[in-house]
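Hi,

Here is the structure I promised to pass along. Please have a look, and then read on for what turned up.

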Amino acid sequence: MEVLVKCKVLVSLALYLGAAILGAGALVAQPAAPPAKPVPAWMNASLSPDQRADLVLKEMTLDEKIAMLHGVGMPTYDKLTIENAASNRGVGYCVGVPRLGIPGIDMSDAAYGVRSSGENGRYSTALPSGVAAASSWDTEAAYEYGRLIGTELRAQGFNMALGGGVNLTREPRNGRTFEYMGEDPVLAGTLIARLIEGVQSAHVIGDIKHYALNDQESGRLYYDAQISKRAARESDLLAFEIGVTRGNPAAVMCSYNRVNGDFACQNRWLLTDVLKKDWKFPGFVVSDWGGTHSTEKASFAGLDHEEHSRVFYEKKYKEAVEAGRIPSSEMDEHVHRILRAMFAVGIIDNPRQRFVVDPFAGLDVARRIEESSIVLLKNDRFVLPLDSARLKTIAVIGAHADVGMISGGGSAQVDPVGGNAIKPFGKGPSNWQDEIWFRTSPLKAIEARAPQSKVVYDSGEDPARAAGVARSADVAIVFAYQWESEGMDLPTLSLPHDQDALIAAVARANPRTVVVLETGSPVTMPWVEAPSSILDVWYAGSDGANALGNVLFGSVNPSGKLVNTFPRSEADLPHPALRMPPPEMENFDGAAAPEKWADGLPAFPVVYDEGLKVGYKWFDAEQKPVLFPFGFGLSYTTYAYSGLKVARDAQSGLILATFTVSNTGNRAGTEIAEVYAALPAAAQEPPKRLVGFTRVTLNPGEKKTVTVSIEPKFLSIFDEKMDGWTLLPGVYTLKAGGSSDKLPLQTTLDLH
Ligand code: BGC
């Protein structure tokens with residue numbers, strides 16, 4: 001034994017000395033460096049993304065290709081596995097091909113900020129929600145919004161954003177209205193395109209969702225949206241068309257619901273005929289989580305990637321390829337699209353690199369966007385802006401305005417920094433459908449701007465007590481909210497928790513009452529006549545209170561305009577009641593068990609028989625008066641419009657509308673100028689449609705001439721027989737002004 005130990009020591013010593021001698025030798029004469037690994041041909045950035053994808057594809061085995069076609073669960077909630085270990089624990093992960101240097105695609109929800117940051121102990125900025133940002137009608141703000149999200153995703157190690165929600169507001173009670181961009185396809189499509197460009201500028205794959213007609217949450221997993229092709233193409237699909245063709249998202253998320261009979265994720269008309277052929281979409285289609293329902297059918301229809309499950313696009317897919325039921329060329333096309341997307345957005349050339357974001361820069365962006373998103377709906381007797389020097393007492397009432405502001409829930413939820421502002425105060429990751437209030441306190445923002453005033457807070461729980469507080473103040477600011485989330489719809493458009501009674505009581509007690517609404521959808525206002533002022537601040541994001549403070553006290557002049565019509569009553573909507581699934585479907589959880597899906601599920605038709613008449617187009621056509629129209633929003637100054645001229649530019653084919661906007665008040669401000677068109681009668685369209693818009697910033701007394709360019713498609717109709725867009729000959733009336741119901745300029749354009 002002892003001999004053995006000695007031998008071992010001697011051998012080790014010899015090895016050590018040998019190594020030392022070799023090491024010393026290395027100091028004298030460097031051995032030749034190992035030959036450099038050849039750079040793979042697909043890393044040649046001068047080749048096109050398609051060429052590069054093809055080069056990778058040639059090297060991949062069947063198993064590697066299949067692995068790229070499906071997710072590996074939801075790493076956020078799943079146990080650590082070999083497959084998800086390389087992920088950043090977001091909601092989805094597509095494994096890469098490490099031996100070829102192809103990274104995984106690491107996905108996080110990111111509607112108004114990075115969702116799963118609490119999970120990772122990371123910070124992320126909550127921007128104002130989608131409907132808020134849309135209310136700014138600001139394409140550059142949309143880009144900045146996307147860029148911030150892309151940058152923060154990248155900082156946390158993700159390389160794909162799940163955001164880009166652009167479903168139109170056909171059903172204003174939809175619980176996801178706050179995530180989307182309103183009821184008009186031209187506005188929503190234009191904004192989402194810029195937002196996606198912003199996301200992808202940070203080398204993060206952007207998506208657009210939920211394709212398509214996923215316009216309510218009730219029965220969303222299986223309802224059948226029934227609609228004519230023309231109505232679909234001119235409304236909801238037009239928003240996607242603009243978003244896809246202008247914004248070039250690398251991914252499109254198909255939705256849970258059916259469209260005219262087929263599930264969206266296996267609907268060949270949607271995925272191949274329209275998206276991939278007509279719009280020439282070169283990226284990949286990813287199913288909503290658990291939204292894949294078949295193998296051969298979905299693959300043929302054009303679904304490229306199954307998330308988050310692997311029920312249909314793993315073993316079953318491989319079997320189908322091996323048995324020749326799916327041609328390998330079809331499988332290759334799906335893989336090609338995914339690889340191409342990675343090259344096109346630059347996630348291979350610019351590998352993920354974690355870094356720390358600047359939270360103050362994020363807050364600044366969130367605040368500025370919110371400032372331009374707030375919509376001033378009413379302002380009698382110029383009660384706003386407030387002059388702090390004249391206010392001895394300010395009453396702040398209701399909606400937890402002492403501690404925070406509400407946010408939108410579901411997969412869009414951004415974890416609150418510092419935890420929920422109200423009970424339960426949990427820090428870190430928030431639970432599904434927790435009602436989360438961000439720690440941005442309107443009360444503190446108001447106190448900071450009115451240092452000489454006495455600011456009194458009342459919770460608003462007892463309307464009579466709140467009215468008493470309001471009565472003895474110089475001005476009362478009453479907050480009201482309506483919380484929304486994915487996975488539910490609003491039962492009604494009325495404010496919940498008796499807030500109507502609270503507002504009415506406060507406004508009766510003090511004629512100088514300012515109502516601040518924190519909402520996602522339009523709300524009805526039985527008390528609308530009573531308060532002097534009404535603002536909608538939407539879900540205002542991480543720094544909402546400062547944005548609101550700046551608007552209340554006038555250092556920012558409000559400029560936002562409504563992107564959804566506020567009806568007088570739900571009875572005036574195309575569908576006065578929300579369409580609810582049949583009772584036997586109530587407890588059906590298809591997402592949890594996608595293998596249980598079959599086309600034979602009970603039908604739940606949601607018939608969109610209002611067709612082309614979405615939002616203001618419905619109210620116009622039916623001549624129903626509204627509470628506040630689409631495109632409406634006041635300012636602390638006033639504007640005038642003059643001199644509309646319209647011409648067709650021979651070279652570009654664009655229609656150019658030129659007119660002058662003047663600031664006729666005594667404050668600088670930004671006006672959103674809107675251009676609408678009435679089509680010739682033969683088109684059989686609603687009375688008018690938005691065809692363009694611009695923002696113009698003006699000092700008091702200043703005037704500017706602006707030109708809005710209009711794509712001919714925006715004046716066209718979709719002809720089902722031709723299966724294409726057509727610009728009918730005839731006389732078009734173009735109108736310009738500051739709200740859909742107030743268009744002082746009008747001229748005609750003869751397109752014979
Ligand atoms: C939602 C998507 C989301 C996905 C992943 C689904 O339930 O509809 O919008 O991106 O979950 O969280």
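**Cavities and a helix pair**

The second largest cavity has a volume of about 100 Å³. Keep in mind that this is a predicted model. Fifteen residues, written 15 in my notes, line the second largest cavity, and nearest its centre lie Thr169, Pro172, Glu183, Leu573 and Gly615. By class, that lining of the second largest cavity splits into seven nonpolar, four polar and four charged residues.

The count comes to seven cavities of 30 Å³ or more. For the largest cavity, the volume is about 130 Å³. Its lining is made of 17 residues, and Pro185, Glu234, Leu238, Lys617 and Arg689 are the closest to the centre. Two or more residues of this lining come from each of α6 (185-200) and β24 (689-698). Nine nonpolar, two polar and six charged residues make up the lining of the largest cavity.

Now to the helices. The axes of α5 (residues 139-156) and α13 (residues 359-373) come within 11 Å and cross at roughly 150°. Angles over 145 degrees count as roughly antiparallel, so α5 is roughly antiparallel to α13. The crossing of the two helices α5 and α13 is left-handed. On the α5 side, Ala141, Glu144, Tyr145 and Leu148 take part in the contact, and they meet Gly362, Val365, Arg368 and Ile369 of α13. This contact of α5 with α13 has five nonpolar, one polar and two charged residues.

Best wishes

Note on methods:
Residues are numbered from 1 along each chain as its sequence is written. This is a predicted model: local features need pLDDT of at least 70, side-chain atom pairs count only at pLDDT 80 or more; totals for chains, interfaces and linings use all residues. Side-chain values use heavy atoms; hydrogens and water are left out. Axes are lines fitted to C-alpha atoms, for helices over the stretch in contact, and angles run from 0 to 180 degrees between N-to-C directions. Helices (H or I, at least four residues) and strands (E, at least two) are DSSP runs, numbered from the N terminus. Angles under 35 degrees count as roughly parallel, over 145 as roughly antiparallel, 65 to 115 as roughly perpendicular and the rest as oblique. A crossing is left-handed if the near helix is turned anticlockwise from the far one by less than a right angle, and right-handed if clockwise. Contact means heavy atoms within 4.5 Å. Ala, Val, Leu, Ile, Met, Phe, Trp, Tyr, Cys and Pro count as nonpolar, Asp, Glu, Lys and Arg as charged, and the others, Gly among them, as polar. On a 1 Å grid over the protein atoms alone, a cavity is a set of points where a 1.4 Å probe fits but cannot get out, and a pocket is an open set with protein on both sides within 12 Å along at least five of seven lines; lining residues have an atom within 4 Å of a point. Grid points are joined across faces, edges and corners, and a volume is the space filled by probe spheres set on the points.
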